Amino acid sequence: MSDNLLEIVDLRIEFPSLERTVKAVRGCDLSVIKGEVMGLVGESGSGKSMTALACLGLVPPPGRVTGSVRLDGHEVVGASEPANERLRGGVAAMIFQNPGKALNPFFTIGRQLTDALASVRGLARAAAERAAVEALTEVRIADPALAMHKYPHQVSGGQLQRVMIAMALSCQPKLLIADEPTTALDVTIQAQVIVLLRDLARVHGLTVLFITHDLGVVGSLCDRLAVMYAGRVVESGPVDALFASAAHPYTASLLRAVPMLGRGRTVLTQIPGTVPNMAAPPPGCAFHPRCPFAQPRCAVDDPASQATAGGRTVACHFPLPPPAGADAAAPAGSLAS
Amino acid sequence: MTRYVVQRLILMVGTLIGVLTVTFVLTHILPGSPVEMMLGHRPTPDQIAAAKHQLGLDLPLWEQYLRFLGEIGRGHFGNSFLTSQPVIQDISQRLMATVELTTLAMISIILIGVPIGVLSAVKANSPIDHFVRSLSVAGVALPGFMLGMLLQMTFYGWLGWLPLQGRMASTVLLDHAFPRVTGLYLVDSLLAHDPIAFRDAAAHIVLPLITLTLANLPLVARTTRNLMVEALTEDYVRTAFAYGLPRRNVYFRYALKATLIPLLTVIGLTYGYLLGGAVVAEYVFDWPGIGSYVVRAITQSDYPAAVGVTLFLAAAYLTINLIVDLLYFLVDPRLRRA
Amino acid sequence: MTAEALNLDVALPRKVTFAARALHFAGQNVLFVVGATLFLAIVLAAIFAPLIAPYDPIAINFADKLSPPCLAHLMGANELGQDIFSQVLYGARTSLMVGVVVIGLAIAIGVPIGLLSGYFGGRLDTALMRISDVFLAFPPLLLPIAITASLGTGLTNAMMALAVSWFPWYSRIVRGAVMRVNSELYIAAARAMGVSSARIMLRHALPNSMTPIVVQGSMDFGYAILAAASLSFIGIGAQPPTPEWGLMAALSRDRFLDDWWTVAFPGLAIFVTVLAVNLVGDGIRDILDPKHQSSH
């Protein structure tokens, strides 16, 4: 498995307190192959952000992390802080959801970029500044030299996200972890940023782990996809295959809930119920209270993740069958009503 | 920003006039007449009347007030009843003693208090944190004069390591007269290459310095801690960690900067507490500064001195606060008009 | 679609008994519990001073002059032969009273000013705030010194002076709360209905500022005691024969190097009292002001 840049096995993250223990991640298995763009999809509370943080050893206290996260062969869970510091930025770089809050308002953009460069690549001031300007140019910031002297509050949200991407890029990481980078942006800007990310990944041969709750974004950007629900990966596989025939009922419901232009007026189907309370998840399969196909077994046995054909996995006792008639152009059972 | 400064200065003048008014009211309510004291041995009623007339104390109150304002405006603070010197001269002679003490205390408080606060925040809720917080709570409860006397008892009475009081031993002062360049004995003795004088000055300043520092250290340490704990939850701190910035860097540059504005406010406040604390400390250690001067002036009805020093101290305090407010602009780029 | 599909998964917290909860509270707030216990002890000592004190605090007895702590005089005697332990006990009454009076007065002055200032705003606000600024411009002990020196020394004047120099803090707190409340929609509605200003201020603005005032007041209680003791020490506050801890230290100041108990015990009394009060104050603040909770 040496061409897995990221290998997560049975990751569990808990937040204990006196009255309850919140299990944010309850056994997540995920692997990201070198060179691919992997999407990680889930609603808020599914544990996807925590999984991302765990990749770099950034889970905040009082979080307790168990399991295995191998980043380029290095084990992150339980590793010493200096060991993880060496991985951060250089092996994997992370960009965050709200760039306005993720950048320090008291320092100029240039300063923050050069600080990161000095820390990750050990560059001296002049070299770091050059590299920073280069990165800013690559992310298509107008007048990068001027931008270096600006403070975050003087720059728009979309631009700031480009700055974050520049910061990540300049560190020349192997893996780029993007935690909902477009969620806080306007729709038009979103598109720009996504296109930018796609182009950059291709040019630099970056591996990307793209975390989002927006399936539409996944479709245009990602090669493979993993779906998380209640702290576990319920399904994973190539994007086209999943979109064509989702095996897990949750994935299928998600796909049905995506509004599509040009299909006329269709009823937006919601998934009834709400996300489970992570301090006391339902017994058996966590999705069973909301699953239209639930059987008695689902309330008792928590399904393990099973590998299926075509490099896919699914964690369900009764996965949905592929649509009859291999008509990949009209995805059945999901998008057509 | 210049407009802001000008506005603040105008406000300051207004406040100072208010301070003057309050001081005037206070010093002229006192029934006891300062005149008798000034004239010393039993004065005759004529002498008293003459003196009063000379001092303008027989005019109606509101006229006295206007005269008073006028005099102050022209910088005439008059002569101290007790020293018969111009008040301004008294102040300038004693000012640097207090400045030396309070400034050193302020520096010590910052250099010790802030790192302790940061450490406490980084290891929040650990035994170290609890220990520091306990010490802080205890430190604030100890009265300044008690701490001072305790130190005297220990280091002079019992161990005999340090002098009891004063700024320098009179013997040393006589034999080692060094030129007063800044008025700060520690600096001046160094400039004059006089190690004996320096050691003596240092030995004398240690105890009052510790007294002032310990009394006000807890507030700065606790404020730093609480502000840091909040700052550490900010997203940009997480970003800094995500790029492998070394911990020390992240704490003292990235996170600490976020705490500076409220922290500066507390430091300004602390300076005020230091000025107040200096009054007590100078009393305990017989330190020849403005603190002991103002106590004597007020308790012995030395009006001109009392007015002069009060006004001076209020102005100094207001200026410090103004400087602190201006520092905000330096610290937070969001406040500057782009 | 079963009914289960719509079930709201509410996680029941583990069953925590009252005893466990109380213990947890005590564990999280050890200092508060310690402080409250101490404070209670001090209050009881103050109340029952006449019963506990072995001697009349001002009874002079040259025979026992300057005796060190022993069985007859638990904390020793001063140069007049007065029993220090008894003086310390009665001093507790004085100090507790000082705390209550100073903070009470400061609140009594500051709250109305803050209410008027915040509610009416405009020129009244500016005027009142400028006046407050004057009082805030004096470095902490200076104004009380000046006021007591002009009105005459003595504990009463000292207390009034301290209250006068502290009220601006309380008026600020109240003013802030009032201004926040003022902008609420329901106030505009009340005014439109013709509710009088006084009623609005009292019924809506005031309760909103109660919490910060209580927090501030409980923290200032200790400072008031300290300040009064310091004033007495310089000779401006309490005068003999009032039993006051700062005054006791001042009277014995010249002897403290040899007869340490004359100064140490009053000083210790101040320390313990202010410590207890501060611990309680911190605890109150932690409970009432969730922002300050460190671990949660």
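**Three chains of a predicted model**

The mean pLDDT of chain C is 81, with 92% of its residues at 70 or more; pLDDT is the predictor's confidence in each residue, on a scale from 0 to 100. This is a predicted model, in which local features need pLDDT of at least 70, side-chain atom pairs count only at pLDDT 80 or more, and totals for chains, interfaces and linings use all residues. Residues are numbered from 1 along each chain as its sequence is written, while chains are lettered from A and ligands numbered from 1 in the order in which they are written.

Within chain C, confidence is highest in helix α4 (residues 84-120), at a mean of 89, and lowest in helix α1 (residues 18-28), at 75. Helices (H or I, at least four residues) and strands (E, at least two) are DSSP runs, numbered from the N terminus. Over residues 1-9 of chain C the pLDDT is below 50, and this stretch has 16 contacts beyond near neighbours in sequence. Two residues are in contact if their C-beta atoms, placed from the backbone, lie within 7 Å. Residues 292-296 of chain C also have pLDDT under 50. The model scores ipTM 0.82 and pTM 0.80.

Chain A contains 11 helices and 12 strands. For its 337 residues, a compact globule would have a radius of gyration near 20 Å, and the 21 Å of chain A agrees with this; the radius is taken over C-alpha atoms, and the globule rule is 2.2 Å times the number of residues to the power 0.38. In chain A, 46% of the residues count as buried, that is, 20 or more other C-beta atoms, placed from the backbone, lie within 10 Å of their own.

Chain B is divided into domain 1 (2-73) and domain 2 (94-337), with bounds from an automatic or database domain assignment. The centres of the two domains of chain B, taken over C-alpha atoms, are 33 Å apart. Contacts join 13 residues of domain 1 of chain B to 12 residues of domain 2 of chain B. On the domain 1 side, α1(B) supplies the largest share, nine residues.

Chain B also meets chain C: 41 residues of chain B are in contact with 39 residues of chain C. To the side of chain B that touches chain C, α1(B) gives the most, with nine residues. The residues of that side comprise 28 nonpolar, 13 polar and no charged. Here Ala, Val, Leu, Ile, Met, Phe, Trp, Tyr, Cys and Pro count as nonpolar, Asp, Glu, Lys and Arg as charged, and the others, Gly among them, as polar.

Note on methods: Buried ≥ 20, exposed ≤ 12 C-beta atoms within 10 Å, placed from the backbone.
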